[in-house]
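Here's a quick tour of one model, written for someone who likes cut-offs spelled out. Have the sequence and the 3D view open as you read.

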Amino acid sequence: MSAPLAVVTVTYSPGEHLDAFLESLRDATTRPVSVILADNGSTDGAPEAAEAAYDHVRLLRTGANIGYGGAANRAVAEVDPATEFVMVVNPDVQFGPGSIDELLAAAERHPRAGSLGPLILEPDGSRYPSARRVPDLTSGSLHALLGSVWPSNPWTQRYRQDNDEVSERSVGWLSGSCLLLRRAAFDSVDGFDSRFFMYMEDVDLGDRLGRAGWTNIYVPTAVVTHAKGHAAGRHPESMLPAHHRSAYRFQADRHPRRWQAPLRWTLRAGLALRSRVVVTAALRQRDDTVGSGSST
């Protein structure tokens with residue numbers, strides 16, 4: 001029998017997504033699978049129902065909402081250290097048939113691969129740019145400022161790698177919504193940085209793996225679908241500021257010198273302003289959607 005595979009997912013009232021996620025695992029790999037639900041305080045009963053319904057699912061309560069990376073680290077620590085690979089996946093992902101086996105096969109082809117990620121589809125079937133460059137200060141800032149109003153700007157295109165060939169290749173970082181992690185690599189960089197409460201923890205992990213001599217491999221023959229943002233969509237007033245705080249932390253960590261302090265101050269102020277603008281827009285859009293729904 002093939003070696004068992006540990007699958008970790010972080011839950012926060014995942015609703016019906018969780019059952020669809022677990023059902024899709026049946027055809028994703030021929031290996032025996034154990035699933036750990038690192039629960040950050042769900043109130044919808046979905047994690048408890050999943051543990052009761054599936055013999056291979058275990059519920060691990062973190063005790064509070066400790067963020068995505070912190071909860072994932074907590075769950076990975078529960079996995080037998082001898083387990084070679086761990087999947088860390090969002091609970092609103094659905095695996096395509098054979099997708100995990102495709103990732104595992106690529107891991108055999110790339111023995112220095114610390115993380116491997118699939119091609120990720122949006123619910124409408126379009127491709128999500130899940131394999132990207134690590135943003136430097138210039139490209140990251142200009143993408144943040146211009147990406148929503150001028151999507152074809154060169155900095156966003158370079159960062160997202162939208163025009164790159166869809167092929168198996170080494171990239172700067174991979175979407176944390178679905179990652180196959182080599183346990184030795186993950187442990188060598190001490191896992192996710194739990195200071196990133198939500199967002200950018202995958203960018204940071206990919207960058208640190210690369211700096212430590214590992215590679216991040218995009219495997220488009222493995223295909224998953226991601227509902228994306230069910231928590232962020234419900235709570236933009238908390239999720240979007242968290243995104244901007246994480247973006248600041250990522251760049252501040254990489255520009256820590258005293259003479260770079262004015263740069264950090266400018267970046268913090270710019271991101272705080274942008275955060276207020278996008279939160280206001282998101283709340284207005286949510287209210288308009290709710291209002292139009294109640295009038296029909």
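## Ground rules

This is a predicted model, so local features need pLDDT of at least 70 and side-chain atom pairs count only at pLDDT 80 or more, while totals for chains, interfaces and linings use all residues. Residues are numbered from 1 along each chain as its sequence is written, and side-chain values use heavy atoms, with hydrogens and water left out.

## Helix α2 and its buried face

Let's start with helix α2, residues 46-53, where A46, P47 and A50 are buried. Helices (H or I, at least four residues) and strands (E, at least two) are DSSP runs, numbered from the N terminus. Buried means under 20% relative accessible area, exposed is over 50%, and partly exposed sits in between (1.4 Å probe, protein chains only).

Look down the axis of α2 and its buried residues fall within an arc of 95°, so they line one face of the helix. That arc is taken from the directions from the helix axis to the C-beta atoms. As background, an α-helix has 3.6 residues a turn, so residues three or four places apart point the same way. The buried residues of α2 pack against strands β1 (5-11), β2 (33-39) and β3 (57-61), plus helix α1 (16-24); contact here means heavy atoms within 4.5 Å.

## Nonpolar cores

A nonpolar core is a set of buried Ala, Val, Leu, Ile, Met, Phe, Trp, Tyr and Cys residues joined through side-chain atoms within 4.5 Å. The largest one has 34 residues, and V7, L22, M87, F95, L116 and L180 touch the most other members. Helix α4 (residues 99-109) gives the most to this core, with five residues.

Zoom in on F95: leaving out residues up to four places away in sequence, its contacts include F21, L25, M87, I100 and V223. There's also a second, separate core of 28 residues, with A38, V76, L174 and F186 among them.

## Salt bridges

Searching the whole structure turns up nine salt bridges, each a side-chain nitrogen of Lys or Arg within 4 Å of a carboxyl oxygen of Asp or Glu. One of them joins R61 and E48 at 3.1 Å, N to O. This pair links distant parts of the chain, 13 residues apart, with R61 in strand β3 and E48 in helix α2. R61 is exposed at 54% relative accessible area, and E48 is partly exposed at 29%.

D193 and R195 also pair up, their closest N and O atoms 2.7 Å apart. Here D193 is buried at 17%, whereas R195 is partly exposed at 42%.
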